[in-house]
Amino acid sequence: NLAAAQEDDCSICMASACDVVTRCGHVFHRGCLEDAIRELGKSGVAPCPLCRQPVSKKELLEKPAALEVSEDADAALGSSSWQRA
């Protein structure tokens, strides 16, 4: 669950505010994980620090930012010609 993963701390530096997710679903700071890949990896691939699945820089996903909904947006949706199901 990506929403729950957003609350996790980086397992490398133990600080919060992780910004990338691996394809195995673990969250890290980009800098921490890229350093680990550079130090441990061969051909740009290294084991995930948590589960040991292969991780590469090009497969890192940006952690989705939290969505903000404002009252203005709700008002704009309510006055549009789109019909809600």
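**View 1. C32 is a buried cysteine of helix α2.** The relative accessible area of C32 is 18%; buried means under 20%, exposed over 50%, and partly exposed in between, computed with a 1.4 Å probe on protein chains only. This is a predicted model, in which local features need pLDDT of at least 70 and side-chain atom pairs count only at pLDDT 80 or more, while totals for chains, interfaces and linings use all residues. Residues are numbered from 1 along each chain as its sequence is written, and side-chain values use heavy atoms, with hydrogens and water left out. The closest cysteine sulfur to that of C32 belongs to C13 and lies 3.8 Å away, too far for a bond. A disulfide is a pair of cysteine sulfur atoms within 2.5 Å, and by this rule the count is zero. C18 is in no disulfide either, the nearest cysteine sulfur being that of C10, at 5.0 Å. C18 is buried, at 2% relative accessibility.

View 2. Helices (H or I, at least four residues) and strands (E, at least two) are DSSP runs, numbered from the N terminus. Helix α2 covers residues 30-40, and its buried residues are C32, L33, E34, A36 and I37.

**View 3. S56 sits in strand β4.** S56 is buried, with 5% relative accessibility. Leaving aside residues up to four places away in sequence, S56 touches I37, G44 and V45; contact means heavy atoms within 4.5 Å.

View 4. A salt bridge is a side-chain nitrogen of Lys or Arg within 4 Å of a carboxyl oxygen of Asp or Glu. The count for the model is four. R30 and E34 form one of them, at 3.1 Å from N to O. R30 is partly exposed at 24%, whereas E34 is buried at 17%. R30, E34 and E62 are linked in a network of salt bridges. R38 and D35 form another salt bridge, at 2.3 Å. R38 is exposed at 55%, and D35 is partly exposed at 37%.

**View 5. R23 and E59 form a salt bridge between two loops.** Their closest N and O atoms are 3.4 Å apart. R23 lies in the loop between β1 (20-21) and β2, and E59 in the loop between β4 and β5 (61-62), so the pair ties together parts 36 residues apart in sequence. R23 is exposed at 52%, and E59 is partly exposed at 32%.
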